[in-house]
Amino acid sequence: MKPFRVWLVSFTVVGAVAGNGLAGNVSGRLELPPPPERPPVASKGFLDRVENPLAPVKPPPVAPHLLVVLEGEAKPESPAQVSWDLVGESFARPVIGVPVGAEVVIKNVSNTARSLVAAEDPKLIPSGPINPTGPKSFRPTEANIYTIGDRDAPHLKGTVVVVNTKYIATVDATGKFDFGDVPEGSYKLRVFFKSGWIDRPDDTVNVPAKGKHEVSAKIPAGYPLKK
Amino acid sequence: MFFSKIWFFLVAVAAAIALTIALVMPRPAQRAMVNEEHQRITVACGVIDILLTDDARNRIDLAGSFARTSEIVGALESASGADKLDDARMKQVRGVGEGVMKTIQGSRKPDFAILIDKRGRVVARVQLDENDYGDVLAGRPLVDDALAGYLRDDLWVQNGTMYFVTASPVVKRDPPVEYVGAIVLGHAVTNELSKKLVGSLGVDVGFYLGGDTVAGSKTLALDMTPMTAAVAKLKGDLSGDCAATHPIQVRAGNEDYTALVARLPGEAAQKKAFYTVYTKRPQELGFAATLKIVRQGDLSMATFPWIIVGAVFLIALAVGIGLMFFEADRPLRRLTADAVRLAKGETERLAEDAHPGKFGSIARSVNIAIDKLGRDAKSAKKDLDGLLGPAPEGSLGTIDLLATALPSSRPGGPAPAVAAPPSEFRFSGSGPTPSGPQHPRPGTPPPRPATPPPFKTVQTQPGHTPAPPSALGGSRHPTPAPLPVPTPAPASVSAPLSLDDDILGGFESEGRGTVDPYFKSVYDQFVSTKQSCGEPTAGLTYEKFAEKLVRNRDDLTSKTGCKDVRFTVYVKDGKAALKATPVKDEA
């Protein structure tokens, strides 16, 4: 199995605990079905890929492409900044969640300059290359899904999911996630996978004032997405 | 001549067709050659695709072998466990890679190698950007697939150079079996590789990236515009490009080339990488150009159907000559022979029905001319009679009994070379001219000597004394008219005698003792004339003379159908002569 990469992603949340100060720790686990089939080979050469004879082929990774979001009725406070590292031929995480209004800072930690652009809004990212070790930042103002890529490197793609909440959690290889302290209230739990929201009934999560609240959600087989 | 004309028409049509074929044939040949060239270039493109695929298979095998090297497995296993890669580890792993690279010899030796740990980080690079490490190559499809356990190939473009790259996972085979990384090997697309690909194909190949030339088997600056335009039209599966596309014409300097483009797969395809198989376009061949390139061997007996050509030529020639002979030469020869017979007097007219076609027309025209001449002659005779007076009444003509019958050697010396007086033996119409002494042609005025005739004529008539020539002013003969001897009564005569039988000899006929007064009169005139001319008359007897006259009279009567014959005595060349004239009408 390809290891689940959780490093190089950081969320800086300012005012994580808001309101009356009463909050519960929300964590949970996604019941992950078997990974979907490996997509067709991209940029096939003269030959189709062949499995090596020494070890079974790894299934495609699922966890890096998953996000779990808790959306409440109250308007969230915007975090100051979300950092996203460009590590070479890929981003540190292929999918990141960003609260509306937060500043996304892309850091190029590779040796190659890139010219990134959002497919859904070419003006979202300031034009110009991101030189090695140099940053590039932008601030999405509305909830949306943005596909960030480099036209000179079609394989380099990352997805920015802009949501109206600051309670966004990544998932490890086992499906576990942790929101930390969440104010008391009723929330809807939504799961994002790769390029869209998982097509499943939204779970209602009632966060108590105190204590630890465990949430469990089941992902349908095949990871179907809402249209 | 009908079939000759048909034959010449057919020969002309065949010649025109042959000329048309000769002029037109180079064009289909040119098209066939172009099609063959297209076929050849399409096949070459497919072969190059096969060679590249086969090469990819070999490179994958090489990458698999490279990844199975224990030193590589150990180095990447160690690197994968490290949170941070440093320079020392990079150099150590690079050294391992270089060591493995050295074991690969020949054309299979990669131009670079990249060693990647299981996290996707570049631990070391060999022979390309050797000092770069630590960056994440995970994300590139080739590397992702290799890290997942697949062997595959791809085409990368690094720093303007195109590489055939292959990747293989690196697997630790000792329990627990696990993936510890991947390796990537790269082979640059070079001119040498291009030459090797087309070595036995008879074409050239070039590799291009967008509008830039990457490598090629020949250093040639082909016009990129038509090639990039052709590439832009290509859709669907790349492997079918060679068969799906049509050859295009491209130029390089002043030379034209036929080219076939095919897209290259992999990441390079997204940068519009393609290769072009091309060959120099053959020159347009016309009739003259085709003749110029004919070789001696093309005309040898083994390759050229000389026998058939010769046979056709001989058949055409024989048929033409045969038709000419049967339709022209032979009829003309017949007409010529017929005309010669006509000229000789062997025939009166040309046989019209014996000559076909135009020759019959010629014969008819000649016959018409003959008829016209006859009519003209009759008309001319009438005119001459009107001018000179009528011929002796009842006369059918005269015959000079001595002109040919008498020996040339006569007493008194040979006859002078003066034309004999005209001895006409006329027949009615334009009948055939009897052979024998030449007579003046009808319609031709009789010759009138400017000098007085060299002889004197004594004409006797039965019961009359010879009249002076002036009394015969109606005679149309230029010589003094002989005195006619009165026509005797028919007498029974036996076998005719020739005048040459010597009228001076004895007379032995049954008429001996019988004296015909007319013959006696002629005899007396003849003797008198001879005496007057000083000729001897000894031996000249009446009996023989009369016998001769009877014989000639009978002969003339039987031949001409005349009623009687009148004999005339006259002087010819100073000697006595006798002339017989048939009398048509007794009255």
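In chain A, take the contacts, meaning heavy atoms within 4.5 Å, that have a sequence separation of 6 or more: 68% of them join residues 24 or more positions apart. This is a predicted model, in which local features need pLDDT of at least 70, side-chain atom pairs count only at pLDDT 80 or more, and totals for chains, interfaces and linings use all residues. Residues are numbered from 1 along each chain as its sequence is written, chains are lettered from A and ligands numbered from 1 in the order in which they are written, and side-chain values use heavy atoms, with hydrogens and water left out.

Chain A has 17 strands and 0 helices; these are DSSP runs numbered from the N terminus, helices being H or I with at least four residues and strands E with at least two. Of its 227 residues, 47% are buried, that is, under 20% relative accessible area with a 1.4 Å probe, protein chains only.

Now chain B. The axes of helix 1 (residues 2-24) and helix 10 (residues 306-344) of chain B come within 8 Å and cross at roughly 155°. Axes here are lines fitted to C-alpha atoms over the stretch in contact, with angles from 0 to 180 degrees between N-to-C directions. Helix 1 and helix 10 of chain B are therefore roughly antiparallel, the term for angles over 145 degrees. Among the residues making this contact are B:Trp7 and B:Phe8 from helix 1 of chain B, and B:Leu323 and B:Met324 from helix 10 of chain B.

Last, B:Val157, in strand 3 (residues 150-158) of chain B. B:Val157 is buried, at 14% relative accessible area. Beyond neighbours within four places in sequence, B:Val157 contacts B:Met162, B:Leu209, B:Ala268 and B:Lys271.

Notes
Angles under 35 degrees count as roughly parallel, over 145 as roughly antiparallel, 65 to 115 as roughly perpendicular and the rest as oblique. Buried means under 20% relative accessible area, exposed over 50%, partly exposed in between (1.4 Å probe, protein chains only).
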